[in-house]
Amino acid sequence: MSKEPGTRSVSMVRRVVVLAVALVAGVQLFGVTFISIPPQSAPPGTRAAAEVLLHSYFEEEWKLFAPSPVNADRDLMVQAAWRDGDSVETGEWINLTAIDDGLVAHSLGAPRSAYLTSRLAGGLDAVWSNVTSTTRAAVADGSSQAEPLDTDDVRQRLGAEDVTGLARDLIVERDAGATTYLTDVFRSLEPDRDLVAVRYGTRLSTAPSWERRREAEKTVGPTTEGPWRVPADDDPERRASVASYLERNS
(Lines give C-alpha, C1' and ligand atoms only; values in the text may rest on other atoms or scores of the structure.)
Protein backbone atom coordinates (compact mmCIF):
# COMPACT_ATOMS: atom_id res chain seq x y z
CA MET A 1 0.00 0.00 0.00
CA SER A 2 1.57 3.29 -1.07
CA LYS A 3 1.98 6.28 1.23
CA GLU A 4 -0.36 9.25 0.92
CA PRO A 5 1.05 12.32 -0.93
CA GLY A 6 0.90 14.42 2.25
CA THR A 7 2.92 11.83 4.17
CA ARG A 8 5.60 11.74 1.47
CA SER A 9 5.84 15.56 1.51
CA VAL A 10 6.33 15.69 5.28
CA SER A 11 8.97 12.96 5.08
CA MET A 12 10.87 14.86 2.37
CA VAL A 13 10.84 18.11 4.39
CA ARG A 14 12.13 16.25 7.44
CA ARG A 15 15.01 14.78 5.42
CA VAL A 16 15.94 18.19 4.02
CA VAL A 17 15.96 19.76 7.50
CA VAL A 18 18.07 16.94 8.96
CA LEU A 19 20.57 17.15 6.10
CA ALA A 20 20.83 20.95 6.41
CA VAL A 21 21.48 20.76 10.16
CA ALA A 22 24.06 17.99 9.65
CA LEU A 23 25.80 20.06 6.94
CA VAL A 24 26.00 23.19 9.12
CA ALA A 25 27.31 21.15 12.07
CA GLY A 26 29.88 19.46 9.84
CA VAL A 27 31.16 22.75 8.43
CA GLN A 28 31.37 24.22 11.93
CA LEU A 29 33.27 21.21 13.29
CA PHE A 30 35.63 21.14 10.32
CA GLY A 31 36.36 24.86 10.57
CA VAL A 32 37.15 24.84 14.28
CA THR A 33 39.22 21.65 13.97
CA PHE A 34 41.12 22.96 10.96
CA ILE A 35 42.03 26.15 12.80
CA SER A 36 42.91 24.59 16.16
CA ILE A 37 44.87 21.44 15.28
CA PRO A 38 47.64 22.75 12.98
CA PRO A 39 48.25 26.37 14.07
CA GLN A 40 51.86 26.22 12.87
CA SER A 41 50.65 25.97 9.28
CA ALA A 42 48.82 29.31 9.40
CA PRO A 43 50.45 32.69 8.65
CA PRO A 44 51.14 34.75 11.80
CA GLY A 45 48.32 37.22 11.14
CA THR A 46 45.78 34.48 10.43
CA ARG A 47 46.97 32.50 13.45
CA ALA A 48 46.42 35.47 15.77
CA ALA A 49 42.90 36.00 14.41
CA ALA A 50 42.18 32.28 14.82
CA GLU A 51 43.27 32.41 18.46
CA VAL A 52 40.75 35.21 19.09
CA LEU A 53 38.04 33.05 17.49
CA LEU A 54 38.95 29.96 19.52
CA HIS A 55 39.07 32.01 22.73
CA SER A 56 35.46 33.04 22.22
CA TYR A 57 34.46 29.42 21.58
CA PHE A 58 36.21 27.66 24.44
CA GLU A 59 38.28 29.54 26.98
CA GLU A 60 35.53 31.39 28.83
CA GLU A 61 33.47 28.23 29.26
CA TRP A 62 36.07 25.82 30.68
CA LYS A 63 36.26 27.63 34.01
CA LEU A 64 32.64 26.69 34.71
CA PHE A 65 33.87 23.14 35.36
CA ALA A 66 36.86 24.08 37.53
CA PRO A 67 37.09 23.15 41.26
CA SER A 68 36.45 26.83 42.16
CA PRO A 69 34.21 27.91 39.26
CA VAL A 70 34.09 31.50 38.05
CA ASN A 71 35.74 32.98 41.13
CA ALA A 72 36.87 36.36 39.80
CA ASP A 73 35.48 39.39 38.01
CA ARG A 74 37.14 42.14 36.05
CA ASP A 75 35.46 45.31 37.24
CA LEU A 76 34.69 47.96 34.65
CA MET A 77 35.46 51.35 36.20
CA VAL A 78 34.26 54.46 34.36
CA GLN A 79 34.88 58.18 34.75
CA ALA A 80 33.67 61.32 32.98
CA ALA A 81 34.60 64.98 32.65
CA TRP A 82 32.03 67.77 32.19
CA ARG A 83 32.31 71.34 31.01
CA ASP A 84 31.42 73.77 33.80
CA GLY A 85 31.66 77.31 32.50
CA ASP A 86 35.26 77.92 31.45
CA SER A 87 36.62 74.90 33.36
CA VAL A 88 36.34 71.11 33.18
CA GLU A 89 35.00 69.18 36.17
CA THR A 90 36.05 65.55 36.67
CA GLY A 91 33.65 63.07 38.27
CA GLU A 92 34.47 60.16 40.57
CA TRP A 93 35.18 56.66 39.33
CA ILE A 94 31.99 54.57 39.06
CA ASN A 95 32.06 50.78 39.24
CA LEU A 96 29.60 49.65 36.56
CA THR A 97 30.22 46.01 37.44
CA ALA A 98 28.66 46.65 40.86
CA ILE A 99 25.37 47.23 39.01
CA ASP A 100 25.61 43.74 37.53
CA ASP A 101 26.35 42.38 41.00
CA GLY A 102 23.17 43.97 42.32
CA LEU A 103 21.02 41.97 39.89
CA VAL A 104 21.68 38.67 41.66
CA ALA A 105 18.95 37.65 44.10
CA HIS A 106 20.69 34.51 45.45
CA SER A 107 24.38 33.85 45.97
CA LEU A 108 25.07 30.25 46.96
CA GLY A 109 28.78 30.42 46.33
CA ALA A 110 31.50 33.03 46.48
CA PRO A 111 30.32 36.65 45.94
CA ARG A 112 30.82 36.98 42.21
CA SER A 113 28.17 37.43 39.61
CA ALA A 114 28.92 40.19 37.14
CA TYR A 115 28.78 39.17 33.52
CA LEU A 116 28.15 41.92 30.99
CA THR A 117 30.55 44.55 32.24
CA SER A 118 33.02 41.93 33.45
CA ARG A 119 33.18 40.50 29.93
CA LEU A 120 33.69 43.99 28.50
CA ALA A 121 36.50 44.71 30.98
CA GLY A 122 38.04 41.31 30.27
CA GLY A 123 37.88 41.98 26.54
CA LEU A 124 39.65 45.30 26.97
CA ASP A 125 42.41 43.67 29.02
CA ALA A 126 42.67 40.88 26.44
CA VAL A 127 43.32 43.20 23.47
CA TRP A 128 45.62 45.49 25.47
CA SER A 129 47.65 42.42 26.51
CA ASN A 130 48.96 42.38 22.93
CA VAL A 131 51.17 45.34 23.86
CA THR A 132 53.41 46.01 26.84
CA SER A 133 52.07 47.65 29.98
CA THR A 134 54.44 50.54 29.26
CA THR A 135 52.79 51.12 25.88
CA ARG A 136 49.32 50.94 27.40
CA ALA A 137 50.30 53.46 30.08
CA ALA A 138 51.91 55.75 27.49
CA VAL A 139 48.68 55.95 25.46
CA ALA A 140 46.67 56.66 28.62
CA ASP A 141 49.13 59.23 29.94
CA GLY A 142 49.16 61.01 26.58
CA SER A 143 45.57 62.11 27.10
CA SER A 144 43.76 64.39 29.54
CA GLN A 145 40.27 65.61 30.36
CA ALA A 146 40.99 68.84 28.48
CA GLU A 147 42.62 67.05 25.52
CA PRO A 148 40.91 63.67 25.07
CA LEU A 149 41.83 61.36 22.20
CA ASP A 150 39.60 60.39 19.30
CA THR A 151 39.81 57.01 17.58
CA ASP A 152 42.37 58.18 15.02
CA ASP A 153 44.55 59.55 17.84
CA VAL A 154 44.55 56.16 19.58
CA ARG A 155 45.52 54.42 16.35
CA GLN A 156 48.33 56.89 15.64
CA ARG A 157 49.78 56.65 19.14
CA LEU A 158 49.81 52.85 18.93
CA GLY A 159 51.48 53.13 15.52
CA ALA A 160 54.20 55.30 17.04
CA GLU A 161 54.86 52.52 19.56
CA ASP A 162 55.56 50.00 16.75
CA VAL A 163 52.53 47.85 17.54
CA THR A 164 51.62 45.18 14.96
CA GLY A 165 48.72 45.98 12.66
CA LEU A 166 46.38 43.26 13.96
CA ALA A 167 46.98 44.16 17.61
CA ARG A 168 46.43 47.83 16.84
CA ASP A 169 43.14 47.10 15.02
CA LEU A 170 41.84 44.94 17.88
CA ILE A 171 42.66 47.59 20.49
CA VAL A 172 41.16 50.44 18.48
CA GLU A 173 37.96 48.50 17.79
CA ARG A 174 37.41 47.40 21.40
CA ASP A 175 38.38 50.83 22.75
CA ALA A 176 35.89 52.55 20.42
CA GLY A 177 33.12 50.17 21.50
CA ALA A 178 33.80 50.82 25.17
CA THR A 179 33.84 54.57 24.54
CA THR A 180 30.42 54.37 22.91
CA TYR A 181 28.99 52.50 25.89
CA LEU A 182 30.55 54.92 28.40
CA THR A 183 29.19 57.87 26.46
CA ASP A 184 25.65 56.48 26.65
CA VAL A 185 26.04 55.72 30.37
CA PHE A 186 27.11 59.24 31.33
CA ARG A 187 24.67 61.00 29.01
CA SER A 188 21.96 58.87 30.63
CA LEU A 189 23.11 59.73 34.15
CA GLU A 190 23.60 63.45 33.47
CA PRO A 191 21.51 64.34 30.38
CA ASP A 192 21.62 68.11 30.99
CA ARG A 193 25.39 68.48 31.33
CA ASP A 194 28.00 69.02 28.63
CA LEU A 195 30.04 65.80 28.45
CA VAL A 196 33.57 66.47 27.15
CA ALA A 197 35.55 63.30 27.94
CA VAL A 198 35.15 59.73 29.18
CA ARG A 199 37.55 56.97 30.14
CA TYR A 200 37.46 53.40 31.42
CA GLY A 201 39.58 51.48 33.86
CA THR A 202 39.78 47.77 34.63
CA ARG A 203 40.60 45.97 37.85
CA LEU A 204 40.55 42.35 38.98
CA SER A 205 38.30 41.39 41.88
CA THR A 206 39.02 37.90 43.16
CA ALA A 207 36.41 36.07 45.23
CA PRO A 208 37.45 34.18 48.37
CA SER A 209 37.79 30.41 48.37
CA TRP A 210 34.67 28.28 48.72
CA GLU A 211 35.54 27.46 52.33
CA ARG A 212 35.62 31.18 53.30
CA ARG A 213 32.71 32.32 51.13
CA ARG A 214 30.55 33.34 54.12
CA GLU A 215 32.97 35.54 56.05
CA ALA A 216 35.23 37.09 53.41
CA GLU A 217 34.79 39.73 50.72
CA LYS A 218 36.34 40.07 47.28
CA THR A 219 39.99 41.06 47.06
CA VAL A 220 40.05 44.16 44.86
CA GLY A 221 43.15 44.92 42.82
CA PRO A 222 44.42 48.27 41.48
CA THR A 223 42.71 50.02 38.56
CA THR A 224 44.48 50.05 35.20
CA GLU A 225 43.40 53.28 33.52
CA GLY A 226 42.58 53.73 29.86
CA PRO A 227 42.96 56.95 27.86
CA TRP A 228 40.62 59.91 28.13
CA ARG A 229 38.43 59.70 25.05
CA VAL A 230 36.27 62.06 23.04
CA PRO A 231 32.61 61.05 23.63
CA ALA A 232 30.90 59.15 20.82
CA ASP A 233 28.20 60.74 18.69
CA ASP A 234 24.86 60.80 20.44
CA ASP A 235 22.28 58.19 19.45
CA PRO A 236 18.98 58.87 21.27
CA GLU A 237 17.60 55.36 20.76
CA ARG A 238 20.77 53.66 21.99
CA ARG A 239 21.07 56.07 24.91
CA ALA A 240 17.44 55.48 25.91
CA SER A 241 18.11 51.74 26.06
CA VAL A 242 21.11 52.23 28.36
CA ALA A 243 19.17 54.70 30.51
CA SER A 244 16.35 52.19 30.94
CA TYR A 245 18.78 49.51 32.09
CA LEU A 246 20.48 51.83 34.60
CA GLU A 247 17.16 53.07 35.97
CA ARG A 248 15.84 49.55 36.50
CA ASN A 249 18.96 48.08 38.06
CA SER A 250 21.03 50.74 39.83
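Trainee: Over how many bridges do β4 and β6 pair?

Mentor: Heads-up: this is a predicted model, where local features need pLDDT of at least 70, side-chain atom pairs count only at pLDDT 80 or more, and totals for chains, interfaces and linings use all residues. Residues are numbered from 1 along each chain as its sequence is written, and side-chain values use heavy atoms, with hydrogens and water left out. Strands here are DSSP runs of E with at least two residues, helices are runs of H or I with at least four, numbered from the N terminus, and two strands pair if DSSP finds at least two bridges between them. Threonine 202 has threonine 224 in β6 as its bridge partner, and the antiparallel pairing of β4 and β6 runs over 2 bridges.

Trainee: Which residue of β5 is the bridge partner of threonine 206?

Mentor: β5 covers residues 219-220 and runs antiparallel to β4, with 2 bridges joining them. Threonine 206 finds its partner there, and that is threonine 219.

Trainee: Is β4 largely enclosed or open, and how many of its 13 residues are buried?

Mentor: First the cut-offs: buried means under 20% relative accessible area, exposed over 50%, partly exposed in between (1.4 Å probe, protein chains only). By that test β4 is largely enclosed by the rest of the structure, because the buried count among its 13 residues is 10.

Trainee: Which residue in the turn of the β1 and β2 hairpin has a positive phi?

Mentor: β2 spans residues 87-90 and pairs with β1 in the antiparallel sense over 4 bridges, with alanine 81 opposite threonine 90. The hairpin leaves 2 residues between the strands, and the one in the turn with a phi of about 70° is glycine 85.

Trainee: What does leucine 76 touch?

Mentor: Contact means heavy atoms within 4.5 Å. Leaving out residues up to four places away in sequence, the leucine 76 list includes Ile94, Leu96, Leu120, Leu124, Tyr181 and Tyr200.

Trainee: How far apart in sequence are the parts tied together by arginine 203 and aspartate 75?

Mentor: A salt bridge is a side-chain nitrogen of Lys or Arg within 4 Å of a carboxyl oxygen of Asp or Glu. Arginine 203 and aspartate 75 are both buried, and their side chains meet at 3.0 Å, N to O. Arginine 203 lies in strand β4 and aspartate 75 in strand β1, so the sequence separation of the parts they tie together is 128 residues.

Trainee: Where does arginine 229, the partner of aspartate 175, lie?

Mentor: Aspartate 175 and arginine 229 are both buried, and the closest N and O atoms of their salt bridge are 2.5 Å apart. They sit 54 residues apart, with aspartate 175 in helix α7 and arginine 229 in the loop between β6 (224-225) and α8.

Trainee: Is arginine 74 buried or partly exposed?

Mentor: Arginine 74 forms a salt bridge with aspartate 125, closest N and O atoms 3.0 Å apart. The two are 51 residues apart, aspartate 125 in helix α4 and arginine 74 in strand β1. Aspartate 125 is buried at 15% relative accessible area. Arginine 74, at 31%, is partly exposed.

Trainee: How far is the backbone nitrogen of tryptophan 228 from a polar side-chain atom of serine 143?

Mentor: Serine 143 lies in the loop between α5 and α6 and is buried, with a relative accessible area of 11%. It touches Leu149, Pro227 and Trp228, not counting residues up to four places away in sequence. The distance from the backbone nitrogen of tryptophan 228 to a polar atom of the serine 143 side chain is 2.8 Å.

Notes. Polar contact = N/O pair within 3.5 Å; in protein donor to acceptor, adjacent residues only side chain to side chain.
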